[in-house]
Amino acid sequence: MVKFPDSEASVRLNPLGRWCQRAVNFLFPTETDTWLAVLRIGLGLQLIVYALFLRSDWHYLFASSGKGLVGREVGEAIASFESPLIPRLGWLVAIGRNFNVSEETVLSVTWVCLLSAGCFVLLGLLSRPAAILAWFVHLCAAESGGLLAYGADSFMTTALFYLMLSPLPDRYSFDHWVAKTKPKNPQLLGFWRRVLQVHLCFVYFIGGLAKCLGNGWWDGSNLWRSLIRPPFTIVPPDILVRFKYALPVLGIAICLLEVSYPIFIWMKKTRLIWLMCILAMHAAIGLLMGLYLFALVMIIMNVAAFGVSSKHATTQASCKNLDQR
């Protein structure tokens, strides 16, 4: 009588089965929700700072032609050219017009919604509805901003998108304390963290590769132009001239740091070193160029993706498996 091997033995003997098992283990690692709490709290602070920074210029930036800096129609025309389904502030203004609500009132309510959503996300109160509202309103503002939007807006939209799809609420949120929700599936938490990690690896590798293909980063000229271009002239030019020989070294270091990010950030022995270097790079960008929002959102995403240990989750999973046996 022939005995067929069990499923575990089949996986061990079958190369395809081993490959599939490794892929599943990579995509669905066991994680706690600590990284999600870091992402939620960080993005809540990011939204609050973003809304407060733009408070005095909100109407000036997003009003229609003749009232604002450039006119909202320019940014919305660019967005509609890319896709007519991208949400824009013009949609909200059009809805308000149907109810005899002025454009100024709609923009004011939109700003209040963005600030309130940031506060709710920070506290973890109605976490998922707040994350969805924050993502939608910020996306509307970023797309209507058009020519005025930059990297911080893109990464904020991406991070909020991941946050609203992640298994909220986390155990550090106000929702968890009130509703006493059950712990989320560790594999599902691991999947969304893995998506964020892989996304960052692609971002840094492609950005670093683009830098390496040009000459400006190897001789430091791109750093020089970035630091002397208004309104980023925080460092006096005479100091830059004094340390001009360090610019090529910094440029090459940035290129190598970003290109090698997908390799060394995964290795346990080098992960902390590369993470600290990336955080230092973004902190320097924020301090030396005044790009505080961009630096903050990149620091938040990196800390949530790679700065939180998952040893506790692995220990819990091992104990659970032993109990089941």
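**Cysteines, core and pocket in a predicted model**

User: How many disulfides does the count come to?
Analyst: The model is predicted. A disulfide needs a pair of cysteine sulfur atoms within 2.5 Å. For Cys255, the nearest cysteine sulfur is that of Cys212, 4.3 Å away, and Cys255 is in no disulfide. By this rule the count of disulfides comes to zero.

User: Is Cys255 buried or exposed?
Analyst: Buried means under 20% relative accessible area. Cys20, with 35%, is partly exposed. Cys255 has a relative accessible area of 0%, so Cys255 is buried.

User: Which residues does Tyr261 touch, not counting residues up to four places away in sequence?
Analyst: Leaving out residues up to four places away in sequence, the contacts of Tyr261 are Leu200, Cys201, Tyr204, Trp274, Ile278, Asn302 and Phe306.

User: Which element gives the most to the lining of the largest pocket?
Analyst: The largest pocket has a volume of about 830 Å³. Its lining has 33 residues, and Trp217, Leu223, Ile254, Ile285 and Met289 lie nearest the centre. Elements that give two or more residues to this lining include α11 (186–213), α14 (246–259) and α16 (268–289). With eight residues, the element that gives the most is α16.

Terms used:
Residues numbered from 1 in each chain as written. Predicted model: local features only at pLDDT ≥ 70, side-chain atom pairs only at ≥ 80, totals over all residues. Heavy atoms only, no water. Contact = heavy atoms within 4.5 Å. Buried < 20%, exposed > 50% of the residue type's maximum accessible area, 1.4 Å probe, protein only. 1 Å grid on protein atoms, 1.4 Å probe; cavity = no way out; pocket = protein on both sides within 12 Å on 5 of 7 lines; lining within 4 Å. Points joined across faces, edges and corners; volume = space filled by probe spheres on them. Helix = DSSP H or I, 4+ residues; strand = E, 2+ residues; numbered from the N terminus.
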